Amino acid sequence: MEDVDRSGFDTAGYGGRSPEDGPPIDRIESVFAVYEIRQEAEQLVYYGDPLMHPERVMRELWPAFHEHGYEAELEARHGEYVLVAEPATVGIDGIPWTNLVLLIATVVSTLFAGAFWYQIDPFADPTAIVHAWPFTAAILGVLGVHEMGHYVMSRYHQVDASLPYFIPVPTLIGTMGAVIKMKGRMPDRKALFDIGVAGPLAGLVATISVTVIGLHLPPVTVDPALLQNPDAIRIELGYPPLLELLAAGFDQPLYRNDPTRGVNPVVIGAWVGMFVTFLNLIPVGQLDGGHILRAMVGEYQETIAALVPGALLALAGYLYYFQEYSLNTVFVWILWGLLTMLFASMGPATPIRDERLDPGRFVLGIVTFGLGLLCFMPIPVMIVG
């Protein structure tokens, strides 16, 4: 590490980066009076004094650093203001081994979970789980397309983001979903909106396609002996309005009143896509709905987000006390009430430039939230027995 005073900017001994690679010093000093520059690894660190409010300093300087290939943050270190500029990377750097390993693990876990939906015993014949591949394809398809919607739009707006990380967990569907990691700052509300809305809309397109395919596939037949077993556990799924509408539109039964027959497991994959869409569109914190609403209404988003946990916990209380559903059945809304409380406390993403969103995107945001409501179901899962 080498110190550089503001009068000379000597770059001797630097690696591939130097202050000359960043914005012109006079551009920086128009809002941030620099008295020392250091290079720490690949970072350029500017010590100085803000000439205006720190948030305004970042609004002024972030575009300049971004144009020169840096992500910039204003920090406080030992009582001093420090402007830290780090080289921005957008795209894939090398083979994403972690993503690949998690993907393979999720393929295995969803095959295992899918076997049960196909009435296959994976413990009796582990190799038979390969017959559950349509379920796995449906699950990974709707989740992967959702996350790739975010990723593609992040690349479009030059915001650094990772490839999707799938989460293998031994649940009813074999996964807890997928996520991407946003590494870069949001330049403006348009980028925040576009990246937030791209996932749910892309995921819904995939979900509707999977639904239509699944509705036309043969149903699964349940062994009547299992139904007569008093120790047997039966899982009943609630159907969201969007699934009901598609089933009615294509005149395909959902076998709601026939315990010996069930929808093809590919439809279960589509059900997952709809439920994930609704959960992601809850307008709190860093969820997709939080991004979209923050871009639409600005700082009012935090006021709205503060009401969400109470609404979900009230829904759980209503279903438990007035509809007399079991605690196991309503626990999903208790859990999400607590999770949204945590997400809301963490706050939303804040764009660098916070100008008002254009009317076209505002209308699209309303439509997207409307589509999310079509994916809502008061009782997602009920375990009987």
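Student: His-78, buried or exposed?
Tutor: His-78 is exposed, with a relative accessible area of 84%. Exposed means over 50%, buried under 20%, and partly exposed in between (1.4 Å probe, protein chains only). This is a predicted model: local features need pLDDT of at least 70, side-chain atom pairs count only at pLDDT 80 or more, and totals for chains, interfaces and linings use all residues. Residues are numbered from 1 along each chain as its sequence is written, and side-chain values use heavy atoms, with hydrogens and water left out.

Student: Where is His-78?
Tutor: In the loop between β4 (70-77) and β5 (80-87). Strands here are DSSP runs of E, at least two residues, and helices are runs of H or I, at least four, all numbered from the N terminus.

Student: What about the phi of His-78?
Tutor: Positive, about 50 degrees, and His-78 is not a glycine. Most residues other than glycine have a negative phi.

Student: And Gln-119, what is its phi?
Tutor: Phi of Gln-119 is near 60 degrees, again positive in a residue other than glycine. Gln-119 sits in the loop between α3 (97-117) and α4 (133-156). Gln-119 is partly exposed, at 39% relative accessibility.

Student: Switching to strands. How many bridges join β2 to β3?
Tutor: 8, between β2 (residues 32-40) and β3 (residues 43-50), and the two run antiparallel. Two strands pair if DSSP finds at least two bridges between them. Val-34 stands opposite Gly-48 in β3.

Student: How does β3 run against β5, parallel or antiparallel?
Tutor: Antiparallel, with 5 bridges. Tyr-47 has Val-82 in β5 as its bridge partner.

Student: Now helices. How many residues has α10?
Tutor: 22, residues 300-321. From first C-alpha to last, α10 reaches 33 Å, close to the 32 Å expected at 1.5 Å a residue. The expected span is 1.5 Å times one less than the number of residues.

Student: Which residues of α10 are buried?
Tutor: Among them are Ala-305, Val-308, Leu-312, Leu-315 and Leu-319. Residues three or four places apart in an α-helix point the same way, because there are 3.6 residues a turn.

Student: What do the buried residues of α10 pack against?
Tutor: α9 (288-297) and α11 (327-346).

Student: Thr-329 is in α11. What does Thr-329 touch?
Tutor: Ile-379, Val-381 and Met-382, not counting residues up to four places away in sequence. Contact means heavy atoms within 4.5 Å. Thr-329 is buried, at 4% relative accessibility.
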